[in-house]
Amino acid sequence: MCAESPAVSIVIATRDRRGSLLSSLDRLAALPGRPPLVVVDNGSVDGTPAAVRAAHPQVTVIEAGSNLGAAARTVGVRALDTPLAAFADDDSWWRPGALARAAERFAADGALGLLAARVLVGDEQRLDPVCEAMERGPERVLGFVACGAVVRRSAFLEVGGFDPRYGIGGEERRLALDLAAAGWTSIYVPNVVAHHHPDAGGLPRPGRLRRQVRNDLWSAWLRRPVSSALRETARALRGARPRAAALGAADALRGAAWVMRERKPVPVGVELLAREIERSGE
């Protein structure tokens, strides 16, 4: 079996999930090759930073001091000295050999900015719905599951990483579009595998669905032409629970000023790819 590549570090953003984080770190620290691990703590009050330092002294712990949401991953990537960064959640881990396979793909393709892995959920190893959609579409993708993604550090930082205004929930779409617009490719590679074991029966944290709607709308209006943004708006609202849809839309409207100010639709080639991917999911 191939060993994990030292070219890859693992970045985890966490907040008040000490128990599940320590369990995930046990698995990640045991990976062949011992990839460097960076934990960025989003202002936990459950003693997470101290617990990690005690149980895993080899792990780099960065205390953000407040809840940066997905942008905590950007803080972690900036702290790395490896060319690749693999993301994990505090309830996920990478299968042995996965990161070495990912590193091989990056080494073979200098234009590759992001690799989306196959994410298996729970003890039943159910395929994540996002991965189900990616398996129906082309190899190139414009979305991913954050806890199953490996990025080229330089590409990720070139486009600014995760926007701190997004929090957590649907933050991946904007990043994938920005990478594509900058000329980087993102691909789905099903033989690179991550495991995700969400707690609480897999239920999202309070407000997550609302943020998902808001962020989907923001991404659509920031990066898609008007016709596509309208179609994506309808899809986001139709696919959410009524309360989450209403609250998310209201939140999105509150950000309309900065969205219109920073609006920059993607190039035609990226938009055509987005439409091809959307048709594959119909």
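Helices here are DSSP runs of H or I with at least four residues, strands are runs of E with at least two, and both are numbered from the N terminus.

A word on the model: it is predicted, so local features need pLDDT of at least 70 and side-chain atom pairs count only at pLDDT 80 or more, while totals for chains, interfaces and linings use all residues. Residues are numbered from 1 along each chain as its sequence is written, and side-chain values use heavy atoms, leaving out hydrogens and water.

Two packed helices are described by the angle between their axes and the distance between the axes. The axes are lines fitted to C-alpha atoms over the stretch in contact, with angles from 0 to 180 degrees between N-to-C directions. For α1 (residues 18-29) and α2 (residues 48-55), the axes come within 10 Å and cross at roughly 25°. That makes α1 roughly parallel to α2, a label for angles under 35 degrees; over 145 is roughly antiparallel, 65 to 115 roughly perpendicular, and the rest oblique. Arg-18, Leu-21, Leu-22 and Leu-25 of α1 meet Thr-48, Ala-51, Val-52 and Ala-55 of α2, where contact means heavy atoms within 4.5 Å.

Now compare another pair. Helix α8 (residues 208-223) packs against α10 (residues 242-254) at about 45°, with the axes 7 Å apart. That makes α8 oblique to α10. Among the residues in this contact are Leu-217 and Trp-218 of α8 and Ala-244 and Ala-245 of α10.

Next, find strand β2 (residues 37-41). Five of its five residues are buried, so β2 is largely enclosed by the rest of the structure. Buried means under 20% relative accessible area, exposed over 50%, and partly exposed in between (1.4 Å probe, protein chains only). In a regular strand the side chains alternate between the two faces of the sheet. On one side of β2 sit Leu-37, Val-39 and Asp-41, and on the other Val-38 and Val-40, all buried. Strand β1 (residues 8-14) runs parallel to β2, joined by five bridges; Ile-10 has Leu-37 as its bridge partner.

Finally, look at Gly-169, in the loop between α6 (153-158) and α7 (172-181). Gly-169 is buried, with a relative accessible area of 0%. Leaving aside neighbours within four places in sequence, Gly-169 touches Arg-208, Arg-211, Gln-212 and Asn-215.

Technical notes: Pairing = 2+ DSSP bridges.
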